[in-house]
Amino acid sequence: MSYQVAVSSDDKAQRYAELLPQLQALIASEQDQIASLANVAAALNACFDWLWVGFYLVKGQQLVLGPFQGPLACTRIDFGKGVCGAAWQQGRTLLVQDVDAFPGHIACSSLARSEVVVPVFDGQGTVKAVLDIDSSRLGEYDEIDRAALEQLATWLTPLFN
């Protein structure tokens with residue numbers, strides 16, 4: 001079966017309003033974790049002009065690279081390290097307007113300038129993955145991104161139960 005996502009607006013909030021229902025339907029139609037995460041990363045990448053979109057999965061005390069779209073990435077990130085590890089440790093979304101100003105930032109790509117990382121929880125409230133998105137532009141992410149991506153993350157919870 002072939003899937004496509006379509007958005008028509010240039011306005012960020014409207015793009016999310018068009019995209020999120022499509023992603024919700026896509027996630028609901030597939031029970032395999034890797035397949036769903038891969039399609040979510042691909043859809044986000046197709047709809048926004050970002051450098052990197054992907055998931056890191058919790059494996060012991062590390063985040064291990066999962067499905068992604070973009071240039072080669074760091075394979076493993078320790079608990080509490082970098083933006084991804086900090087979002088995992090704190091259990092909350094981190095918006096970083098300038099990655100060079102983030103203490104301990106891990107530069108997987110020298111092109112990354114700003115980043116948003118959203119934890120994905122299981123049904124018991126344990127972080128099981130993070131959605132990591134990088135931009136080559138400073139100050140790319142805001143509260144619109146936070147709200148939309150956190151909503152998306154809640155739809156991923158059943159994949160981790």
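R113 is partly exposed, at 24% relative accessibility, where partly exposed denotes the range between buried (under 20% relative accessible area) and exposed (over 50%), computed with a 1.4 Å probe on protein chains only. The side chain of R113 meets that of D100 in a salt bridge, with an N to O distance of 2.6 Å; the term requires a side-chain nitrogen of Lys or Arg within 4 Å of a carboxyl oxygen of Asp or Glu. D100 and R113 both lie in the loop between β4 (94-96) and β5, 13 residues apart, and the pair is counted as linking distant parts of the chain. D100 is exposed, with a relative accessible area of 57%.

The model is a predicted one, in which local features need pLDDT of at least 70 and side-chain atom pairs count only at pLDDT 80 or more, while totals for chains, interfaces and linings use all residues. Residues are numbered from 1 along each chain as its sequence is written, and side-chain values use heavy atoms, with hydrogens and water left out. Helices (H or I, at least four residues) and strands (E, at least two) are DSSP runs, numbered from the N terminus.

The loop that holds D100 and R113 lies between β4 and β5, and these two strands run antiparallel, joined by three bridges. Strands count as paired if DSSP finds at least two bridges between them. L95 has V116 in β5 as its bridge partner. On to the next strand, β5 and β6 also run antiparallel, with eight bridges between them. Here E115 stands opposite D134 in β6. The hairpin of β5 and β6 has five residues between the strands, and G125 in this hairpin takes a positive phi near 85 degrees. In a regular strand the side chains alternate between the two faces of the sheet. β5 is mostly covered, with seven of its eight residues buried.

The interior can be described through nonpolar cores, sets of buried Ala, Val, Leu, Ile, Met, Phe, Trp, Tyr and Cys residues joined through side-chain atoms within 4.5 Å. The largest of these has 32 residues, and those with the most contacts inside it are L44, L131, I133, L149 and L152. At least two residues of this core come from each of α1 (12-28), α2 (33-47), β1 (52-59), β5 (114-121), β6 (127-135) and α4 (143-156). L149 touches Y16, L44, V116, V118, L131 and I133, when residues up to four places away in sequence are not counted; contact here means heavy atoms within 4.5 Å. A second, separate core has 19 residues, including A86, A87, W88 and V117.

A search of the whole structure finds six aromatic pairs. Rings of Phe, Tyr and Trp (its six-membered ring) pair if their centres lie within 6.5 Å, with planes under 30 degrees apart counted as stacked, over 60 as edge-to-face and the rest as tilted. Y16 and F48 form a tilted pair, 4.8 Å centre to centre and with 40 degrees between the planes. This pair links distant parts of the chain, since Y16 belongs to helix α1 and F48 to the loop between α2 and β1, 32 residues apart. Y16 is buried, with a relative accessible area of 3%, and F48 is buried at 11%. The pair of W52 and Y56 is stacked because the ring centres are 5.9 Å apart and the planes are at 25 degrees. W52 is buried at 3% relative accessible area, and Y56 is buried at 1%. Ring pairs also link Y16, F48, W50 and Y141 into a cluster. R15 lies over the face of F48, at 5.6 Å from the ring centre; a charge sits over a ring if NZ of Lys or CZ of Arg is within 6 Å of the ring centre and within 35 degrees of the ring normal.

Charged side chains complete the description. Side chains of opposite charge can pair when their charged atoms come close. The count of salt bridges comes to seven. K12 and D142 meet in one of them, at 3.2 Å from N to O. K12 is in helix α1 and D142 in the loop between β6 and α4, 130 residues apart. K12 is partly exposed at 21% relative accessible area, and D142 is partly exposed at 29%. A network of salt bridges links K12, D142 and D145. E143 forms a salt bridge with R146, the closest N and O atoms being 2.9 Å apart. Both E143 and R146 lie in helix α4, three residues apart, about one turn of the helix.
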